[in-house]
Amino acid sequence: MSIWRSVILATAAATLAGAPLAAKTNATTGTINISETQFGFLLGGSVGSGTLMYRGRSYRFKIGGISVGKIGVAKIHGVGRVSNLTDISKFAGTYVAADASATAGKGAGSIKLKNGDVVLEIDTRSKGLQLSASGGGVKITLG
């Protein structure tokens, strides 16, 4: 066997072996649907609920959070995807995000939340009046 043939076969084997690992890193593992109310005057909060579809099952959850730099009230609905969730027990927890947004009347946007390896990417529709230039977190509890 020639040296070039060995190099080509070794490269192909390494590429094939690495492909599943790369796909797993950002794998969509579920979908999410939320409804939330955000409120605040400098110090803000949020309350809401949602549904996670994971491995063919539906899980209800609650959302609560705190943030700084918010003024106003907005009702938010969102749908999105969950990535890197390997076990339902890893879904609940505190997710962090950094965002800057404004809602006057009706608006749309997206947000990315992270808790360890689990990532939520949510497209949102909002209604209300709110200005925000904040970083904050949300706590998700199953049940």
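Let's start with S83, which counts as buried, at 3% relative accessibility. Buried means under 20% relative accessible area, exposed means over 50%, and partly exposed lies in between, with a 1.4 Å probe and protein chains only. Before going on, a word on the source: this is a predicted model, where local features need pLDDT of at least 70, side-chain atom pairs count only at pLDDT 80 or more, and totals for chains, interfaces and linings use all residues. Residues are numbered from 1 along each chain as its sequence is written, and side-chain values use heavy atoms, with hydrogens and water left out.

Back to S83. It sits in strand β2. Strands here are DSSP runs of E, at least two residues long, numbered from the N terminus. The side chains of S83 and R81 are joined by a polar contact of 3.4 Å. That term covers a pair of N or O atoms within 3.5 Å; within protein, one must be able to donate a hydrogen and the other to accept it, and residues adjacent in sequence count only if both atoms are side-chain atoms.

R81 has another partner. How many salt bridges does a search of the whole structure find? One. It is between the side chains of E121 and R81, at 2.7 Å, N to O. The pair links distant parts of the chain: R81 is in strand β2, E121 in strand β4, and they are 40 residues apart. The cut-off for a salt bridge is a side-chain nitrogen of Lys or Arg within 4 Å of a carboxyl oxygen of Asp or Glu. In general, side chains of opposite charge can pair when their charged atoms come close. R81 is partly exposed, at 30%. E121 is partly exposed too, at 27%.

Now the rings. There are two aromatic pairs in the structure. Why is the pair of F61 and F91 edge-to-face? The ring centres are 5.3 Å apart and the planes are at 70°, so F61 and F91 count as edge-to-face. For the rule: rings of Phe, Tyr and Trp (its six-membered ring) pair if their centres lie within 6.5 Å; planes under 30 degrees apart are stacked, over 60 edge-to-face, and the rest tilted. F61 is in strand β2, residues 57–83, while F91 is in the loop between β2 and β3 (93–115), 30 residues away. Both F61 and F91 are buried. Ring pairs join F61, F91 and Y95 into a cluster.

Those names come back in the core. The largest nonpolar core has 18 residues, and I32, L52, F61, F91, Y95 and L120 have the most contacts inside it. Such a core is a set of buried Ala, Val, Leu, Ile, Met, Phe, Trp, Tyr and Cys residues joined through side-chain atoms within 4.5 Å. Which element gives the largest share? That is β4, with five residues.

Take L120. Leaving aside neighbours within four places in sequence, its contacts include I32, R81, F91 and Y95. Contact means heavy atoms within 4.5 Å.

Last, two asparagines. N115 lies in strand β3. N115 is buried, at 19%. N84 is in the loop between β2 and β3. Its phi is near 65°, a positive value in a residue other than glycine. Is N84 buried or exposed? N84 counts as buried, at 17% relative accessibility.

Methods:
Helix = DSSP H or I, 4+ residues; strand = E, 2+ residues; numbered from the N terminus.
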